[in-house]
Amino acid sequence: MRAACVLLATAALGACGDDARDPADLADTVPVPETTDLSDATEATDLDPIDVIDPTDATDAVGPGEIATWDRARDPWPMFGGDPQRTGRSPFVGPATYTPEASENWVYAAEGGASINMQPTLAGDAIHFGTWGLLRGAATTDPASSRKSDGKVYALDAAGREVFAPFDPRPLPACYAWDEPVSPQDEAWCGQGADLHVTFYNGTIEGSALVDPWNGRHYVGRGDGRLYAIDVARGEVVWDFVTFDPLAPEHPDGGGEIVQGATMGPDGTIYFASFGVPWPGDASAPARETQAIYAVDREGALVWRYPSEAPSLDNTLTAAVALSPDGRTLYAGTWLSDPSAGGKLIALDLGAPREAADAARRKWELPLVNEARALRPKVWTRHLSVGGDGTIYVGGAEAKVLGYVPAVVAVQDRGDRAEVAWIAEPEGYPESATTLVQGLALGDGVVFATTGDVRNLNGREGSLFAIDMASGETLGRFSPGEDAPGSATGPLVDAAGVVYFGARGRHDLIAEPWSGQWRRGTLFAVAWDADERRFTERWRRVIDALLDWATPAIDQRGVLYVGSTAPLPTRGLEQIWEPLEGTPPRTTPYLFATAR
């Protein structure tokens, strides 16, 4: 039974409509593997097994002098971006060709998951990811009858079989009671006269898991404002950390959504950012969530929060925080949820005492503006990567009078201050545009950047660019073409310098007259020739799904994994209330494996 379309607070996933197709009609030609026990994995595949940490042998203690390092042969992709600097570079070589009939290719259906719009985490012999889930039941305060998205945690073995049953870490009801005036938004969701508030939190799992190099636990952020420690051998929550507003620490909506992956410092401290919506808010939908940077220990206890006393930074944080190569500085950049507030790059000193004031913890704060343009347009951060020499690369959007253009900014950390080295505008500076940088990966002497539509993932076309690290010159462009429309995912570069990324495709129910018919998502492997300054397509894989922000990842065997989004029967930021159980049509995303 369906109700009217209702608002989901974080991202666009399609368009409302009644002409729904069953997800069986969208299945990939590769057979979906059956769910079996992990103990059968070595018999079912020719791939060599990799040891998984046994939690009975694990320890939470970090000995004197020990630092967080990852054995990439065991944990080939232990966090978003692959490493604490978010370089997007794999130490392994990915698939040189795509052979549809290869036995190691498989596709896994995450039934009713809506979207896998994250980069998978690859650890041990398993692939880890999460889903958005669906609005379930009704808008009430009872978690037994109301789910504001039932996103789940997944783990698959190398053959695509479930390691544990997917689970919702904590059912999130849509409404809550709190002693403050209700807004029109609250009444629209929870009912007039109910004196209840709608949570802008969501049960979506969007942030890639961070692998603990000592005990093998995974730290997973969620749209409900919590960071979860997961025992991945048993499929259980060990602890959760709740984000908060220092001025109202008990407020049910006072923290922020964790929409990107956490990272870990050399001493084992976990760092992540929270994202608050709506921002800046108004009378009809007041801003209750907050954006801040958190440091948490491996037992789930707060080390510090930045800002420590104020509720929020002045704009949202969508980019995953990144570490300097020496692990002593944490970088964060703000996004354009409030266009009136300029974008900033923030550097925090990780050597500052736990109880340090904000001013002492902050090394510097750099407003991001393009001084070369007469109007000094602002630049906002969508992605951060840090090079081996300490250069910080910011990928995001640069303001125009009409719209935004993609921009990549190189910043030098000078200790107590920072300087912009260059700003690249890979698509130029046209009269009007609505595009941004979707992701970055660092190659040999080049920054690879992908672009997409800032307002509509179903937009026209994204591209892949090569930008010179030293000068900011745009050296080359790869455009997928009309057969592969839509925003690009973030890129991944392998040990051979091949870049992998996806083009979203086009939802068939979107209303824009230029959008045309359904187009499937496409996964690309593209080689960069530095001498010829050109890209060469190695292969492409067309899949019966859409690709939303789902950056690929490569394991130690060279197998490439990417998640997808279902062609939901919805529009814009909306979803439809679904029954508590079952898999409605057009709601199943897939995880795809592509072997060498």
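The structure, a predicted model, holds one disulfide. Cys175 and Cys190 form this link, and both residues are buried. The chain averages a pLDDT of 86.

**Disulfide**
- A disulfide is a covalent bond between the sulfur atoms of two cysteines.
- In the pair Cys175 and Cys190, the sulfur atoms are 2.1 Å apart.
- The link of Cys175 and Cys190 is left-handed, with -100 degrees about the S-S bond.

**Nonpolar cores**
- In soluble globular proteins, nonpolar side chains tend to be buried together.
- The largest nonpolar core has 45 residues.
- Within this core, the residues touching the most other members are Trp106, Tyr108, Ile127, Phe129, Tyr500 and Leu591.
- A second, separate core has 21 residues, among them Leu210, Trp214, Tyr219 and Ile270.

**Sheet β3-β4-β7**
- Strands of a sheet pair through backbone hydrogen bonds, either parallel or antiparallel.
- Three strands make up this open sheet, in the order β3-β4-β7 and with antiparallel pairing.
- β3 (121-123) and β7 (153-157) stand at the edges with a single partner strand each, so one side of each has no neighbour in the sheet.
- From one strand to the next, the twist averages 25 degrees.
- Three bridges pair β3 with strand β4 (residues 126-130) in the antiparallel sense.
- Leu122 stands opposite Ile127 in β4, and Ile127 is also one of the residues named above for the largest nonpolar core.

**Sheet β30-β31-β32-β33**
- This open sheet has four strands in the order β30-β31-β32-β33, and their pairing is antiparallel.
- Its edge strands, β30 (492-493) and β33 (534-543), each pair on one side only.
- β30 and strand β31 (residues 498-503) run antiparallel and are joined by two bridges.
- Val493 has Val499 in β31 as its bridge partner.

**Confidence**
- A pLDDT of at least 70 is reached by 85% of the residues.
- Residues 1-59 have a pLDDT below 50, and this stretch has 161 contacts in the model beyond near neighbours in sequence.
- Residues 511-515 also have a pLDDT below 50, with nine contacts in the model beyond near neighbours in sequence.
- Where pLDDT is low, the predicted coordinates should not be read in detail.

Note on methods
Residues numbered from 1 in each chain as written. Predicted model: local features only at pLDDT ≥ 70, side-chain atom pairs only at ≥ 80, totals over all residues. Heavy atoms only, no water. Core = buried A, V, L, I, M, F, W, Y, C linked by side-chain atoms within 4.5 Å. Buried < 20%, exposed > 50% of the residue type's maximum accessible area, 1.4 Å probe, protein only. Disulfide = S-S within 2.5 Å. Pairing = 2+ DSSP bridges. Axes fitted to C-alpha atoms, helices over the stretch in contact; angles between N-to-C directions. pLDDT = per-residue confidence, 0-100. Contact = heavy atoms within 4.5 Å.
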